[in-house]
Amino acid sequence: MEQAYKFLSNINCPDDLKRLKVSDLPVLCGELRDFIIDALSCNPGHFAASLGVVELTVALHYVFDTPYDRIVWDVGHQAYAHKILTGRRERFATNRKFHGLKPFPSPEESEYDTFTCGHASNSISVALGMAVAAAMKHEDRQIVAVIGDGAMTGGLAFEGLNNASSIPNNLLIVLNDNDIAIDRTVGGLKEYLIKLNTKSNYNRIRYSLWNFAKTLGVLDEKHKNKILRFNNSLKSMLSNQQNIFEGMNIRYFGPINGHDVEGLIRVLSELKTLSGPKLLHIHTVKGKGYEFAEQDATIWHAPGVFDKTTGKRKASCPAGMPPLYQEVFGKTLLDLAYKNSRIVGVTPAMATGCSMNILMNAMPHRAFDVGIAEGHAVTFSGGLAKEGMLPFCNIYSSFAQRAYDNIIHDVAISRLNVVLCLDRAGLVGEDGPTHHGAFDVAYLRCIPNLTIASPYDEHELRNLMYTAQLPDKGPFVIRYPRGRGSLVDWENEYEEIRVGTGRCIKRGTDVAVVTLGPLGQVARAAVDELTDGEQKRVGLYDLRFVKPLDSEMLSEIGQNYRTVITVEDGVAAGGAGSAVTEFMEDHGYDLPVHRLGLPDKFVEHGPVAKLHEICGLDKSGLKAFIKEQLAES
C-alpha cells in the first residue's frame with residue numbers, strides 16, 4: 001500500500017489531507033483514482049461517477065473543515081472518493097457487501113456523511129435547511145451541496161433553488177456538470193449548461209468590482225442586493241446571455257475545469273469568504289482517468305467485475321441462462337409497440353437499467369427519457385393517455401415513491417390508461433434500503449381505480465403487459481423484481497389474463513399458501529420438499545392481482561382451509577397479506593392469516609438470497625414455517 005500509494009496510504013481523515021502541499025494534490029488524485037479502479041475491478045460498484053469527482057472531492061475536504069462544515073452529496077454514487085478520504089480506506093473492500101460499508105453516504109456510518117442520499121435532487125433543499133439552521137444557532141458553519149450526474153433535472157432541485165434565493169443563507173452549490181446521469185442527460189437544462197459560458201473579461205471586471213466594493217465597505221446587507229443585481233446585469237451584457245441562476249439572485253461562478261484540483265482549491269477558498277447563496281459550475285468527465293469509462297460512461301456506470309488492464313467485463317449473462325426480467329420487459333414492449341401504434345415508452349433517466357433503450361433504439365420517436373423526474377414522468381404519461389396514447393411508464397419501485405401524488409391526482413382520478421411498470425420491486429440487493437422496492441403494494445393498493453398485479457414468472461409478465469394494453473383497462477400497475485428470471489424459453493404466445501383472477505397451483509386440506517409474484521416459485525419449491533403426507537395438506541395459490549382480489553379464489557380458501565400463509569417480497573404491513581386478512585375478516589371467515597413479508601424496518605444491503613434468508617423468505621425459511629403451521633393445524 002505505501003509503495004503503490006505514497007500519499008493516500010497516510011490519509012485516514014481530512015486533517016491528514018490538509019498536511020499535504022497543494023502541489024502534491026495532483027499526485028494524490030492520481031493515487032485515489034487508481035485505488036478506486038483497483039477496488040472496483042474485483043468488488044463491483046458505481047464506477048464512472050466517482051472517478052469523475054476525484055479532484056472535486058479532494059478540493060472540498062482540503063478547503064473546508066469537515067465534518068464541522070457540511071458537504072451534502074447528491075446522487076450518492078459519486079461519493080466513493082469521499083468515503084476513502086474520511087477514514088474508510090481500509091474497509092473499502094467491503095463496500096456494498098453484507099455487513100460491509102453502506103452503498104451510499106449514511107450518517108449511521110460516518111459523521112462525514114451529513115445526510116442519506118440514495119437518489120437524486122435533494123441536496124439543495126437539505127443543505128439550505130442546514131445553512132438556515134446554522135445561522136439561527138449563530139454557527140460559523142460552511143454548507144456545501146454537491147449536485148450533479150443529472151440530478152439538476154429533478155423538480156426538487158428547482159424548488160430548493162427558488163427557496164435559496166429568498167432566505168438569507170451562505171449556501172454554496174457545486175454543480176458537477178458532466179452531461180450525463182446514468183444515460184446521457186436530456187432536456188433543455190442540459191443544452192443550457194453546455195452553452196453557458198463565462199467570458200474572461202467578465203471575470204476580470206467582476207472580481208475587480210467586488211474587491212473595490214470591499215475596500216469601500218459597502219458589502220453589507222443594505223448594499224448587497226444592489227451590487228448583486230448590477231453584477232447580474234454586467235454578466236448578461238458581456239456574455240450576451242441570461243443566467244438562470246443569477247436570475248434567481250444566486251451568484252454564479254464558472255464554468256471551470258473540475259479536474260484542475262489546484263484551480264478548484266483557489267476558487268473554493270475565495271467562495272468560502274463570500275456571503276449569500278452562490279453556485280459554482282464545474283465541468284467534469286464521467287469516468288475520468290479510465291479510458292474505457294470515458295468512452296462509454298453508461299456501460300461503466302456500474303460495470304460489474306472487470307479486468308482493469310483490458311477493460312474486459314465479466315459476462316453478465318452466461319449462455320443458456322434465463323434473461324433478466326428487465327430484458328423481457330424491454331423486448332416485450334418493443335414487440336407490443338409494433339402491434340399497437342398507440343404504445344409509447346416513458347422513463348425517468350433509467351433507459352438502460354430498465355431496458356427501455358430497446359424501444360428507444362428501434363423507435364426513437366415513441367420513447368421518452370424525461371430526466372431524473374419521476375413525478376413528471378407520471379404526469380407526462382397522464383397527458384399522453386388523455387390524448388389517446390398508451391404509455392408504459394417504467395420507474396424503479398423505490399423511486400416511484402417520489403411520484404405518489406402524481407399517480408393519484410394525474411392518473412387514478414381520471415382513470416387514465418397508463419401502464420405503470422414498477423421495476424426492481426422487492427429486495428434489490430447491494431444498493432440497500434434506499435433502493436429496495438419494499439413499499440409499493442402497501443402505498444398503492446389504497447388508491448381507487450388502480451389495477452395492481454405481479455407476475456409469477458416471465459410468461460406472466462408478458463401476459464400482464466399484453467393485458468394492460470388492451471382497451472378499457474384503466475391505470476394498470478405491474479411490479480416485477482430486479483435480476484434474472486427462471487425461464488430460458490421465455491417468449492410465449494400472448495394470453496389475456498382476466499383482471500382480478502389468481503391461480504390455484506395445488507389444492508390441499510389444511511394450510512393454504514398464498515403468494516404474490518416470483519416468490520411463488522420459492523414457495524412451490526419449499527412445498528415440493530415436504531413429505532408426501534405434508535404436501536397433500538398444503539394448498540398453493542398465486543394471487544397474481546392484489547387489486548382487485550380474486551374473491552372467488554379467496555372464498556374457496558376461507559371455506560376449505562384451517563390456516564392461511566401469505567408470502568410477498570414487500571412490507572408485510574399493509575401489503576398483499578394485509579389485503580387477504582381484510583378479505584377474510586370482511587367476509588366472515590374465521591381462520592388465522594400469517595403474513596410473511598419484509599419486516600417493519602429498513603432491510604440492510606447484501607445479496608438478495610441472503611436478505612431473503614434473513615427475512616425468512618427463502619426456501620428453508622418458508623418450508624420451516626409451513627411445517628410449524630401443519631403441526632398446529
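The sulfur of Cys421 lies 8.1 Å from the closest cysteine sulfur, that of Cys393, which is too far for a bond. A disulfide is a covalent bond between the sulfur atoms of two cysteines. The cut-off used here is a pair of cysteine sulfur atoms within 2.5 Å. The structure holds zero disulfides. Cys421 is also buried, at a relative accessible area of 1%. Here buried means under 20% relative accessible area, exposed means over 50%, and partly exposed is in between, with a 1.4 Å probe and protein chains only.

This is a predicted model, in which local features need pLDDT of at least 70, side-chain atom pairs count only at pLDDT 80 or more, and totals for chains, interfaces and linings use all residues. Residues are numbered from 1 along each chain as its sequence is written, and side-chain values use heavy atoms, with hydrogens and water left out.

Cys29 is buried, with a relative accessible area of 1%. Cys29 belongs to α2, where Leu25, Pro26 and Cys29 meet Val261, Glu262 and Ile265 of α11. Contact means heavy atoms within 4.5 Å. The residues of this contact divide into five nonpolar, no polar and one charged. In this scheme Ala, Val, Leu, Ile, Met, Phe, Trp, Tyr, Cys and Pro are nonpolar; Asp, Glu, Lys and Arg are charged; the others, Gly among them, are polar. Two packed helices are described by the angle between their axes and the distance between the axes. For α2 (residues 25-42) and α11 (residues 261-271), the angle is about 115° and the axes are 9 Å apart. The axes are lines fitted to C-alpha atoms, for helices over the stretch in contact, and angles run from 0 to 180 degrees between N-to-C directions. Helices (H or I, at least four residues) and strands (E, at least two) are DSSP runs, numbered from the N terminus.

Now the backbone. Most residues other than glycine have a negative phi, and most peptide bonds are trans. Where are the cis bonds described here? One joins Thr66 and Pro67, with omega about 10°. Pro67 sits in the loop between α4 (54-63) and β1 (70-73). Another cis peptide bond joins Gly254 and Pro255, with omega about 0°. Pro255 is placed in strand β4 (residues 251-257).

Phi brings in two further residues. Ser355 is not a glycine, yet has a positive phi of about 70°. The loop between α14 (351-354) and α15 (357-362) holds Ser355, which is buried at a relative accessible area of 8%. Arg424 is not a glycine either, and has a positive phi of about 60°. Arg424 is in the loop between β9 (419-423) and α19 (440-444). Is Arg424 buried or exposed? Arg424 is buried, with a relative accessible area of 14%.

Next comes Gln469, in the loop between α20 (458-468) and β11 (476-479). Gln469 is buried, at a relative accessible area of 8%. Which residues does Gln469 contact, leaving aside its neighbours within four places in sequence? They are Leu336, Asn340, Ile343, Leu390 and Phe392. The side chain of Gln469 also reaches the backbone oxygen of Tyr466 at 2.7 Å.

Last, the database record. In an unreviewed entry, the UniProt annotation "binding site" covers Asp149 and Asn178. UniProt positions are given in the numbering used here, feature names are shortened, and annotations may be inferred rather than shown by experiment. Asn178 lies in the loop between β3 (172-177) and α8 (188-195). Asn178 counts as buried, at 9% relative accessibility.

Notes. Polar contact = N/O pair within 3.5 Å; in protein donor to acceptor, adjacent residues only side chain to side chain.
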